[in-house]
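Please keep the sequence and the 3D view at hand while reading.

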Amino acid sequence: MPRYCYILAEGPQDIEFLICLLKSYGLRRVRLLPDLDPFWTPLIPTTFPIDNDLMKRVPIPAFLQDTELSIALHSAIGINRLAQTLEESLALIPVSQLFGIGLFLDADDMQLPQLRFDTLISQLSALLNVALPSKPGEITEGIPYFGVFITPNNNDSGTLEDILLACARLNYANLFNLSQNYVSSIDISQLTQTDLRELRKPAGRNKAIVSSISSILKPGKTLQVSIQDNRWIDEQTMGLNDIQVVKVFLEKIIGIV
């Protein structure tokens, strides 16, 4: 029986970022249902629309596996749904058969990781009967192993975009500089308050720069497609300190030491 691991993240960009890292261990993405380990079948919705909402994204996890590991990576579609999504998922699969559970979320530019961690742990403590860590990046040993990673590195405020921008500086230096200048040169007097709502969020500028780069690499497609297909994560960017910290966390969660 393989080691089963469940990883929950805020959104689809986080999932594709983690998949890129996990593929470096030789894991392959499962595309066809018959190839999926039956252990995960309860996590696949059997009805549509979800909650009778025609606009709601179908919450199907991504799956990676090899002969020794079987991993489900699930997007909660927002930080406010992390605890709820984890509770719902663990009600469907036997927790006693999980080797590891990992949560992956942003610190945000307005909070230190420990504050965001404490808020999440207070929610989880009322829902889960597992040993919980005391700080970001720490992994409790048991059945299952359990840890929470808060980007960019468990210590600094920020988001996944901080890591992606560091990757872009290495592999897409020209696009990074042009996109940074483009976002900085926008005449906000020509935009309404509604237009500027997202840009004025703490991570809005970094998100705009990353999106500008990905729009050149994958015109008309989402950022997660660019993360999957382009050189955000490769041998060169794998050497970045913040990515190394994520890799160490993942290795502990999935049992690679």
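The sections below describe a helix, the cysteines and the salt bridges of this predicted model.

## Helix 5

Helix 5 covers residues 173-184, 12 residues in total. From the first C-alpha to the last, the helix reaches 16 Å, close to the 16 Å expected at 1.5 Å a residue.

The buried residues of helix 5 are L175, F176, S179 and V183. Viewed down the helix axis, these residues fall within an arc of 100°, so they line one face of the helix. In general, an α-helix has 3.6 residues a turn, so residues three or four places apart point the same way. The buried residues of helix 5 pack against helix 4 (160-171) and helix 7 (204-217).

## Cysteines

The structure contains zero disulfides. For C5, the closest cysteine sulfur is that of C20, and the 18 Å between them is too far for a bond. C167 is likewise in no disulfide, and its nearest cysteine sulfur, in C20, is 9.6 Å away. C5 is buried at 0% relative accessibility, and C167 is buried at 1%.

## Salt bridges

Seven salt bridges are found in the whole structure. One of them joins R81 and E88, with an N to O distance of 3.7 Å. R81 is partly exposed at 28% relative accessibility, as is E88 at 37%.

Another salt bridge pairs D108 with R116 at 3.9 Å, N to O. Here D108 is partly exposed at 21%, whereas R116 is buried at 14%.

K218 and D229 also form a salt bridge, at 3.2 Å, N to O. This pair links distant parts of the chain, 11 residues apart: K218 lies in the loop between helix 7 and helix 8 (223-229), and D229 lies in helix 8. K218 is buried at 18%, while D229 is partly exposed at 44%.

Terms used. Residues are numbered from 1 along each chain as its sequence is written. This is a predicted model: local features need pLDDT of at least 70, side-chain atom pairs count only at pLDDT 80 or more; totals for chains, interfaces and linings use all residues. Side-chain values use heavy atoms; hydrogens and water are left out. Helices (H or I, at least four residues) and strands (E, at least two) are DSSP runs, numbered from the N terminus. The expected span of a helix is 1.5 Å times one less than its number of residues. Buried means under 20% relative accessible area, exposed over 50%, partly exposed in between (1.4 Å probe, protein chains only). The arc is that of the directions from the helix axis to the C-beta atoms. Contact means heavy atoms within 4.5 Å. A disulfide is a pair of cysteine sulfur atoms within 2.5 Å. A salt bridge is a side-chain nitrogen of Lys or Arg within 4 Å of a carboxyl oxygen of Asp or Glu.
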